Amino acid sequence: MTQAELAAPHYTHAYVSAIEAGRRKPSAKALEHFADRLGVAPDELTTGRSPDREAQLRLRLQEAMIDLSSGRIEEADKASRSIAREAKALKLPNLHARAEETRGLLLERQDRVEEALGRYALAEEILRDEPPTSRVDAVAGKARCFHSLGDVRYEIHVLETLLGEIEREGLEDPNALARLHSGLVFAYVDVGLLDRAAKSAAILEDFEPRITDPMRIAQMHITVARLHLTRGKIADAERSLHRAEDAFGQLHLKTEMGYASLALGYVYSREERLDDAYAKLDLARATFEDARDVKDLTRTLNELARVERLRGNLAEARTLLTRSIELMGDGDAPILAWAYRELGRCSFDDRSQAEKALRTSIDLYERTEQTVELAVTYGALGDLLQAHGDDSGGCDAYRTGISVLERST
């Protein structure tokens, strides 16, 4: 189409030329004329993007999340990179950040924690001029990475900092606030701040009727279930986890359904329903292996090892734990500490091997400042030493565990 054809019949080719050269700004009426001639919406001429392009990109990103959750890693990576580039070019910061968060989650599940942290930090930076509620997923991702790196106190700091910013600005967004409080409950429980965990859980339950995002609902129920379990409310924990399963199922997210299976296996094992626990944990293991989710696979292997130990299958338990430790390398200190503690418990007949594993676990828990788990591990060390006739060493370990708890209160 020539300039004259675009201009006809109401405008001249010289007017079109002046607009294209940046010497004239078209009126709203002229824009409507040009858009009609070109077969596009007027907004596309002013913004450079079609009105439905953002919606198309959001749909593609949702499909990329499903690919990631189903283990189609390469497809998810390719799509999220492409969406990030296009969203940046079209000046869509929220969508650009969501794509970077998806890339961060992909890296996090492959246990490439420091790379994932970089992606989440980039997403947060992209949203620096947006309302603080838009940054909750980026900050929650950063917090998880700090947890995996063993800095649970800093995990709490970054979550509380954003929460304070949202509260100071008086922003009421139940979905965003629920995401932050879900992360805080987990972190508070890990460092033994159970009163703060209970407060955040109560806020979550108040938010529930107003939460519209199924992902937030599922995250909330998994979080609340953990606090119920800490307090010995097993039936309440199980109900919350089944509701999380339903919510993840609505979103067709297989890996996230694996989270619920893992958590239910954990609950069943604490009820000594070992066959039910093994079935759920084995389902979670298959899910995470299919999804190539190394991070959550290691957690599942640890729990399966615990069930095998309780069944008396110590050799199988040690095999599972050895695989978990090899997969983690030096990463995810809290989960690695748990694996070494369980390995120590599976090796009680060999004092040297068991004590080495338990002391490695203690070193890791001291680094992560997880006081409750540290005290439990000192208790396990005391049991080991007393079982091998070292009553004095056992009592020293028990006293140290008690003092750890006293310092945290």
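A residue is called buried here when its relative accessible area is under 20%.

**View 1. The whole chain of the predicted model.** The protein contains 22 helices and zero strands, and its C-alpha atoms fill a box of roughly 100 × 40 × 35 Å along the principal axes. Of the 409 residues in the protein, 51% are buried, while the accessible surface comes to about 19,300 Å², with 49% of that surface belonging to carbon and sulfur atoms. Among contacts with a separation of 6 or more, 57% are accounted for by residues 24 or more positions apart.

**View 2. Helix H8 and what covers its buried residues.** Helix H8, formed by residues 113-126, has 14 residues and reaches 20 Å from its first C-alpha to its last, which is close to the 20 Å expected at 1.5 Å a residue. The buried residues of H8 are Val113, Ala116, Leu117, Tyr120, Ala123 and Ile126. An α-helix has 3.6 residues a turn, so residues three or four places apart point the same way. The cover over the buried residues of H8 includes helix H7 (93-109) and helix H9 (136-148).

View 3. Leaving aside residues up to four places away in sequence, threonine 255 touches Leu68, Ser69, Arg109, Thr287, Phe288, Ala291 and Asp293.

Methods: Residues are numbered from 1 along each chain as its sequence is written. This is a predicted model: local features need pLDDT of at least 70, side-chain atom pairs count only at pLDDT 80 or more; totals for chains, interfaces and linings use all residues. Side-chain values use heavy atoms; hydrogens and water are left out. Helices (H or I, at least four residues) and strands (E, at least two) are DSSP runs, numbered from the N terminus. The expected span of a helix is 1.5 Å times one less than its number of residues. Buried means under 20% relative accessible area, exposed over 50%, partly exposed in between (1.4 Å probe, protein chains only). Contact means heavy atoms within 4.5 Å. Accessible areas come from the Shrake-Rupley method with a 1.4 Å probe; for residues, only the protein chains shown count as cover.
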